Amino acid sequence: MKRKKQNLPLGNFDFLKIDIFDHPLRKENYQLRYAYLLTLYDSVINLVDNKPIFLEYFNVYLLSFKISDAHIEKIMNESRSKSEYLKNLRHSTRNQWHWPGLLKLPRENYKYALWADALFILFFCKDILFEQEIMDLGQEIGINSLQISIINSFCSNLYKDAIDTAEIDFQNACYYDKQAKHIRFLLRRVASKIENNKRKNFKVAVVATMSAGKTTFINYLVGYNLLPFSNQACTSKTTSITDNDFLNHIIGRYTLNNGQIEYAGVINEDRATQWNQNQDIVSVDIECDILGIKNDKMAIVLYDTPGTNYSLDQHHGEITYDLLDNIELELILYLINATNILTDDDAFLLNKVLLTLHDNPRTRVLFLLNKVDEFDTEGDDNISDTITNASADLERLGYSHPNIIPVSAYAAKLFRMALKERELTKKEMSDFELFFKLFSQEAYDLTQYALMDYEVTKPNQDKNFNVLINNREYKSEKIAEVLWRTGLPLIETYLDYLV
Ligand SMILES: Nc1nc2c(ncn2[C@@H]2O[C@H](COP(=O)(O)OP(=O)(O)OP(=O)(O)O)[C@@H](O)[C@H]2O)c(=O)[nH]1
Ligand SMILES: [Mg+2]
């Protein structure tokens, strides 16, 4: 018997949104995790029709199970004999006894987890499901036909997002054998995904002329250098980043100029850079947990855009204007480069933004005067006067009572990376030291210069710990204090307030 599935979401982004980090095998020893994944891979690889999306999904398993590169290569490349497959299959589906001291804990058996894992993959990555394939796989693992039909129904309901019916299947499966408890992770994953997809999007575009620090600002929010940045024209396409509190990994997709969409299960800096450089890619969408944004009422979507005044490629500007014209934005964050304030190119872009605001009266705009760390306040530069003048200029251009916050996105990013104990390069470490000194001065508490119609409350400190940078220890509460002074956390509290 064969069943054709309805509305097959081949390559569906939702499939990759499903988190793996609460998988029951993650607490088991390395040998078992490795045997389990090897068996899972071998069990489905010849059955899946959409191999690319399966491999992307499987990448998330490899990452969350902390499988070594050598073993990943082994899983992916080596053609295995049937006997080796069976050896791993037996290892991953036999009873596991835990002996902590004299106390004997109950046994664990992951055959149901393995079976449900494989079946779930087939539901998403196969055009037509043959019952026989499912039966063979289940029987090989030693699952009886009653449980096979219950778990089949469980996965089918999860595939259709019928979470309540899947819950009943789950209870049933556990009634017949309590080891079926291990398939609960799939239920939780789909429930989280459904909950997250219910949230409405709150769309925020980050726009500016070239090199104003848009990408640096977004990387600050994400907590590390995910997107490529440079002091030359860098961002070449729109990249959206959607906050998803349920994800422990970063997923992405890109759209090619022929309309085709490709998906990725695990995104890192290298991949984001490759995508930005690939001229066949029109736009990129990323989804991850944006640590700086706690809000769970709506999902914040940030749009990184190309600088609008790149003389060698006019297209950069058009991409940004297109976004302003075609996406209903809740907020536009306009970065003004403090080292080159309100140029003609700014006037042009500000005019475009005004038209957008005119067409969408609900859209707000917030100005960030970035790179204020480069001011020579002992010389001619004065932060307070600069804000007053910028405000007057913006009023003249048609913005009444503009909200302006002076900030340093670069300093904030380094402080946040230090607090998250992310690795810094040598250059970043020495910049960190300079910025730490700079923002320790009261005069560099940029929050005092902010022009805002919103009352800001400083967030509470997290618990204190020491951070080592260039062989020097810094107290985390001190770093949090200088971070606050860069003005960037103000924007996070503002976003929290708006959402
Ligand atoms: N001093 C200082 N440098 C900054 C700051 N923010 C960004 N930069 C630097 O400015 C350069 C440009 O930053 P990006 O984040 O790539 O700027 P962008 O606006 O995304 O640039 P495009 O994508 O090319 O339009 C990089 O060298 C950053 O390190 C800041 O607050 N202070
Ligand atoms: Mg950029």
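**The sheet and its packing**

Author: Strand β3 (residues 200-207) and strand β9 (residues 331-337) run parallel and pair over 4 bridges. Pairing here requires that DSSP finds at least two bridges between two strands. Strands are DSSP runs of E, at least two residues long, and helices are runs of H or I, at least four, both numbered from the N terminus. V206 stands opposite L333 in β9.

This is a predicted model: local features need pLDDT of at least 70, side-chain atom pairs count only at pLDDT 80 or more, and totals for chains, interfaces and linings use all residues. Residues are numbered from 1 along each chain as its sequence is written, while chains are lettered from A and ligands numbered from 1 in the order in which they are written.

Now the whole sheet. It is open and has 9 strands, in the order β6-β5-β7-β4-β8-β3-β9-β10-β11. The pairing is mixed. β6 (261-264) and β11 (404-406) are the edge strands, each pairing on one side only. On average, neighbouring strands of the sheet are turned by 20° against each other, direction ignored.

A helix packs on this sheet: α15 (residues 383-396). Helix α15 touches β9, β10 (364-370) and β11. Contact means that the C-beta atoms of two residues, placed from the backbone, lie within 7 Å. The direction of α15 makes about 150° with that of β11. Such angles run from 0 to 180 degrees between N-to-C directions, with axes fitted to C-alpha atoms, for helices over the stretch in contact.
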